[in-house]
Structures are given as C-alpha cells and as structure tokens.
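This report describes the fold of a single protein chain, from its overall dimensions down to individual residues. The structure is shown below.

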Amino acid sequence: MEKDIENYFSEFKNTLSKIQVADGNNKAIDLINGLEAAINLIVSQTSKGNKIIFIGNGGSASIASHQAIDFFKNGGMRAICFNDSSLLTCLSNDFGYQYVFEKPIEMFADNGDVLVAISSSGKSENIVRGVDAGRKTGCHIITMSGFKPNNPLRSKGKLNFYVPSDSYGYVEIAHLILCHSMVDMIVAGKQMKLQPA
C-alpha cells in the first residue's frame, strides 16, 4: 500500500504540472499567464459591479458552492452559484435537468458578469447549455474541464483550463486548486494595497 500511496501523489503532482490553458481562439497560454488573465478579468469585472457565477454538478457543484462563498466572504466580490435543492428539483422537474443552469443564468446573469463553468468531463449538457446562455447574456466565460482533450466545454470560454486526467479525484482537486489560487491571489493583492506606505 505504501507504494500505491506514493504513486497516487506522484501521478497527481505530474497531472498538476500538465494543466493546459487556452484562450477563446484556442491559443495555448502557460498556466501562470492563464491564472493572471483570469484574476485580472475577475477583478476588472467585479470592480465595475459585476458578479461571478459558478456552476457545476456533483463534486463540481461542491467546488462551485465553496468558491462562491470564498470569493464573496474572503474576496469581497458578489458571487453566486445555483445549487439550491429546490431550484434544481423544480427546474429539472418542470423543464428537464439539462436546463437547471440555463434558466437561472438567463434570469440572473448580467452583461459583464464572469461565469465559471466547472465540469470534470466537460460534456455535461446542463453545463454546456449554461455557458451558451451566459454567452448570449454577455458573460465572460471561464471553463474548467478534464477527461478527454476534445470535450465540448474546453473550447467555449474566454479562458479554458484543462486538466489532462480521467480521474475524478485529480480533476476535481486540480479545479479546486485553480479556483483557490485565484481568490487567494486576489485577497493577497487587496491586502497589499491596504498596507501603509
């Protein structure tokens, strides 16, 4: 078992080192510049009064909820996700599960908001439809996906983060690290500005 544990963490470290980022034209960006671009986009838009919207299913829904709270509480930005059980069951019952993010995004998203779409597979129909609704509304899209390199979500954002692994654990943890790095850098930047000269 000791060797298995070592292999697990070695493979995870290897996966993190291979995260790929591309812009809306599918042009590759290195990870540091990709994170910097995402941070600048979020800070720029939220400083104008726009909000961040997070969407995801399952483990990605947990990441979405966690990050909406962190960006709001720690980052001081308006941030929401659509994971309320009544909302999800109502919309899936009345319209179908593929619409559970599309419908609230159509209602609550504003031009200039930042939509962060998180999906390990990158092919969840409700996430893809949510992104399409966000684009129509004028949202700036950041995607986070994994599994197959040609997944449909990977090409839909202004910035697209891709984790090259078919392990839910690796992909979800990598997505969480990416989100945490963004909010942590934003918080650190705000704290630096508050330091007396």
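## Contacts and overall dimensions

Of the contacts in the protein chain with a separation of 6 or more, 68% are made by residues 24 or more positions apart; a contact means heavy atoms within 4.5 Å. The model is a predicted one, in which local features need pLDDT of at least 70 and side-chain atom pairs count only at pLDDT 80 or more, whereas totals for chains, interfaces and linings use all residues. Residues are numbered from 1 along each chain as its sequence is written, and side-chain values use heavy atoms, with hydrogens and water left out.

The radius of gyration of the protein chain is 17 Å, which agrees with the value near 16 Å that a compact globule of 197 residues would have. This radius is taken over C-alpha atoms, and the globule rule is 2.2 Å times the number of residues to the power 0.38. The C-alpha trace spans about 55 × 50 × 35 Å along its principal axes.

## Surface and burial

Buried residues account for 47% of the 197 residues; buried means under 20% relative accessible area, exposed over 50%, and partly exposed in between (1.4 Å probe, protein chains only). The protein chain exposes about 10200 Å², of which carbon and sulfur atoms supply 56%. Accessible areas come from the Shrake-Rupley method with a 1.4 Å probe, and for residues only the protein chains shown count as cover.

## Secondary structure and sheet

The protein chain has seven helices and seven strands, which are DSSP runs numbered from the N terminus (helices H or I, at least four residues; strands E, at least two).

The seven strands form an open sheet of mixed pairing, ordered β2-β1-β7-β6-β5-β3-β4. Its edge strands, β2 and β4 (79-81), each pair on one side only; two strands pair if DSSP finds at least two bridges between them. β6 and β7 are joined in the parallel sense by five bridges, and methionine 144 has phenylalanine 161 in β7 as its bridge partner.

Helix α6 (residues 125-137) lies across β3 (52-55), β5 (114-119) and β6, and runs at about 165 degrees to β5. Axes are lines fitted to C-alpha atoms, for helices over the stretch in contact, and angles run from 0 to 180 degrees between N-to-C directions.

## Loop residues with positive phi

Asparagine 26, in the loop between β1 (20-23) and β2 (28-29), has a positive phi near 65 degrees. Asparagine 26 counts as exposed because its relative accessibility is 58%.

Phenylalanine 147 is found in the loop between β6 (140-146) and β7 (159-163). Although not a glycine, phenylalanine 147 has a positive phi of about 60 degrees.
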